[in-house]
Amino acid sequence: MKYSRSLASAGLLQLVLGLPAPQMTYEENTGDVGGVDPPIPTYSGVPIGDLRGSTNLQGGIASRPPVSGGDSAVVPDPELVNGQQADGNLGLYLDFESAKYPNGPQPIRGSRGGTDPGPRTYDYEKLNPDTFAPPETDSGTVPQAMWPLGLSHNILGIGEESGWARQQNENVLPVATAMAGVDMRLAPNAYRELHWHTSGEWALILKGGVRVAALDTDGKTFIDDVTAGDVWFFPQGVPHSLQALHEGAEFLLIFDSGSFSETDTFLATEMLLRTPISVWAKDLQTDVSAFDNIPQNQKYIFNGTPVPANISEQNITSAAGALWGPDGYTYHWSQQEFHNTTGGSVKILDSLTFPVADQFSAALVVLEPGAMREVHWHTQSDEWSYFLQGSARITIYQAPAASQTFDFTAGDVAYIQKSSGHYIENTGTEDVIFLEVLQAKKFSDISAAQWLALTPRQIVKDTLNLTDEVLDAIPQEKTIIKPGNPNMTALAGGGENY
């Protein structure tokens, strides 16, 4: 590893190796708990004591603890953050980052809930305030809709620091039946080896650049270089390769099957290894000795020779020719300008401009602090979303009377089932950037506000008891993004939230 080499060059490696391994400490997990009073005195020697206790400890025989003055679960002086005592139905976002151990944060919302004196990891609670102290509007049961890719098991490439991949599928997020995602990293010039899938592959480059190459069923070839913000799509079964350009790459892959797994990919190396050599010799019209040095294991992600700067050197075609334009497998989305509106920006990619990906559509959305993606739902597809930057929350409503609020930060996946009402609200102090992906030819949704604005007023008033003043203010055109006050608890102090 390069880190070990740098330590050795500084003469510090032996010193570091001689130190005891540091242990992670959690200040919130100290003191007596569960009848154990740590730290337990160290002991070495012949084992002593019984594994099981006496029958005299059975209920009705053993002595009882005192009703008062015994072990305490009281949290003295619990710390509540701004907005925590406001009406729970307001559902204000609670910033638990300001709460300090040992008195906060606490799972209290309005007058409901109570303190938490038990074992806990505060960082989880600070990242997920709407789970720890949910809005009172949350009700019933909604399938888990959030998965942090940081908790996904990494698959490491071969060789020295060639790259890695981690995935989300039904195994970790069971509700995600229609789509799965992979976050992949390739070192400079590293490859994702020649392969193909049983699922369609839609990709967004997050960092760096990639050279993609593919072949279709007619023998037409495709090759292109794409950079951060660009997209590629390979239909199921189309063989392709991915090689990072000189600065390396990280990209997001979305597949049109929730059961997709990186470990089930068809690989060129494995195909060679799992078919008789005599068959390959006949197929490639060569001597069997040509296969003496083939890899004995799959290469998956591996370091490669530098990408030629002149892409035409690798542009190989048959009589069938090359793929390009509407038949090409890439779209340079990074060069598309955003549609800007009050509160943020959005741009859409679907089959109208990228026809080869006729069952994928996507929106890249930027929300300013306090702004939100308006309340909406999708009629044709589940929604798979990924957060690239910032923090946000989503409340998912499901029929007839269930809802749950989830919190998200960069690297998290959200999955929302078709027809489920939801919004996405920026809860941080910086822009939140996220990607919405649908399995649909055209990116579309139903705007709740537009629906109310365009429904006969009498019906809306009779159903929801909203006033003419409220209905007059609702725009009849879809706004996509709603601006808001960056102070997420302004309502608690008598202010406005938009």
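Residues are numbered from 1 along each chain as its sequence is written, and side-chain values use heavy atoms, with hydrogens and water left out. Because the model is predicted, local features need pLDDT of at least 70 and side-chain atom pairs count only at pLDDT 80 or more, while totals for chains, interfaces and linings use all residues.

**Nonpolar cores**

A nonpolar core is taken here as a set of buried Ala, Val, Leu, Ile, Met, Phe, Trp, Tyr and Cys residues joined through side-chain atoms within 4.5 Å, where buried means under 20% relative accessible area, exposed over 50%, and partly exposed in between, with a 1.4 Å probe and protein chains only. The largest such core has 57 residues, and those that touch the most other members are Trp202, Trp232, Phe251 and Leu435. Leaving aside residues up to four places away in sequence, Phe251 touches Val182, Asp183, Met184, Leu186, Leu204, Ile205, Leu206, Val210, Trp232 and Leu242, contact being defined as heavy atoms within 4.5 Å. A second, separate core of 24 residues includes Val142, Met146, Ile396 and Ala414.

A cavity is a set of points, on a 1 Å grid over the protein atoms alone, where a 1.4 Å probe fits but cannot get out, and its lining residues have an atom within 4 Å of a point. Grid points are joined across faces, edges and corners, and a volume is the space filled by probe spheres set on the points. On these terms the structure holds one cavity of 30 Å³ or more, and the largest cavity has about 50 Å³ of space. Its lining consists of Val142, Pro143, Ala145, Val175, Ile396, Gln398, Tyr415, Ile416, Gln417 and Ser420. Strand S20 (391-398) and strand S22 (412-416) are the elements that give two or more residues to this lining, helices (H or I, at least four residues) and strands (E, at least two) being DSSP runs numbered from the N terminus. The lining residues divide into seven nonpolar, three polar and no charged, with Ala, Val, Leu, Ile, Met, Phe, Trp, Tyr, Cys and Pro counted as nonpolar, Asp, Glu, Lys and Arg as charged, and the others, Gly among them, as polar.

S20 is largely enclosed by the rest of the structure, because seven of its eight residues are buried. Two strands pair if DSSP finds at least two bridges between them. S20 runs antiparallel to strand S21 (residues 402-409), to which eight bridges join it, and the two form a hairpin with three residues between them. S20 is also joined by four bridges to strand S23 (residues 421-426), again in an antiparallel arrangement. Tyrosine 397 stands opposite serine 403 in S21, and in S23 the bridge partner of tyrosine 397 is glycine 421.

**Backbone features**

| Peptide bond | Omega |
|---|---|
| Proline 38 to proline 39, cis | about 0 degrees |
| Tyrosine 101 to proline 102, cis | near 5 degrees |

Proline 39 is found in the loop between helix H2 (13-18) and strand S1 (108-109), and proline 102 also has its place in the loop between H2 and S1. Aspartate 77, which is found in the loop between H2 and S1, has a positive phi of about 50 degrees although it is not a glycine, and at 63% relative accessibility aspartate 77 counts as exposed. Asparagine 465, likewise not a glycine, has a positive phi of about 60 degrees and is found in the loop between helix H8 (457-464) and helix H9 (468-472). Asparagine 465 counts as exposed, at 66% relative accessibility.

How values were computed: 1 Å grid on protein atoms, 1.4 Å probe; cavity = no way out; pocket = protein on both sides within 12 Å on 5 of 7 lines; lining within 4 Å.
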